[in-house]
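Here are a few notes to read with the model open beside you.

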Amino acid sequence: MENQMDCIFCQIVSGKIPSDVIYQDEEVIAFRDINPQCPVHILVIPREHFTSLIDITSHEASLMGHMISLANQLARDEAISDSGYRLVINCGKQGGQLVPHLHLHLLGGRQLSGQLG
Ligand code: AMP
C-alpha cells in the first residue's frame with residue numbers, strides 16, 4: 001500500500017510533521033506520543049501505510065514480530081522492562097483507534113489498571 005498524503009503518521013514517516021523520533025530503520029519508526037498517558041508512551045509504526053490491524057495478514061508476520069521485539073527493546077532502554085509495561089493496538093472506531101495508520105502503543109512507568117475496556 002502506498003503512503004497516503006492525508007495520513008498524519010505517513011507525514012511523520014516522511015518528515016513533513018516533526019515528531020520525537022527515538023528509533024527508525026527501513027521498516028518502522030518509533031516516536032513519543034504527543035499526548036502521553038504514562039511516563040513512557042511510545043508509538044511504533046510501520047513506514048508502510050496500513051490503515052489498521054484488520055489489514056494485517058500472515059504476509060506481515062515478520063513486520064509485526066519486528067514491531068513487538070522493538071517495543072520490548074525500547075522497554076528495556078526506558079528501564080520499564082522489569083517493572084512491567086503494556087503493548088496495545090487499537091483497531092477501528094469501537095476499538096478506540098483515532099489515527100488510521102497501524103500503530104503499537106508501548107505504555108509503562110506507572111501502575112496500569114487491570115481493566116481492558
Ligand atoms: P489511537 O487512539 O490508538 O489511534 O492512538 C493514536 C495516538 O496517536 C494517540 O495516543 C495520540 O496522542 C497520538 N498522536 C496523534 N498525533 C500525534 C503526533 N503528531 N505525534 C505523536 N503522537 C500523536
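Which residues does Val44 touch, not counting residues up to four places away in sequence? Point 3 has the list.

1. A word on the source. This is a predicted model, in which local features need pLDDT of at least 70, side-chain atom pairs count only at pLDDT 80 or more, and totals for chains, interfaces and linings use all residues. Residues are numbered from 1 along each chain as its sequence is written, and side-chain values use heavy atoms, leaving out hydrogens and water.

2. Overall fold. The protein has 2 helices and 5 strands, in the order α-β-β-β-α-β-β from the N terminus; helices (H or I, at least four residues) and strands (E, at least two) are DSSP runs, numbered from the N terminus.

3. Around Val44. Val44 touches Ile29, Ala30, Met67, Leu70, Leu74, Leu102, His103 and Leu104, where contact means heavy atoms within 4.5 Å.

4. The main core. Val44, Met67 and Leu74 have the most contacts inside the largest nonpolar core, which has 18 residues. Such a core is a set of buried Ala, Val, Leu, Ile, Met, Phe, Trp, Tyr and Cys residues joined through side-chain atoms within 4.5 Å, with buried meaning under 20% relative accessible area (1.4 Å probe, protein chains only). Strand 2 (28-32), strand 3 (40-46), helix 2 (61-77) and strand 5 (104-108) each give two or more residues to this core; helix 2 supplies the largest share, 7 residues.

5. A second core. Do look at the separate core of 9 residues too, which includes Cys10, Ile29, Phe31 and Leu43.

Definitions and conventions
Buried means under 20% relative accessible area, exposed over 50%, partly exposed in between (1.4 Å probe, protein chains only).
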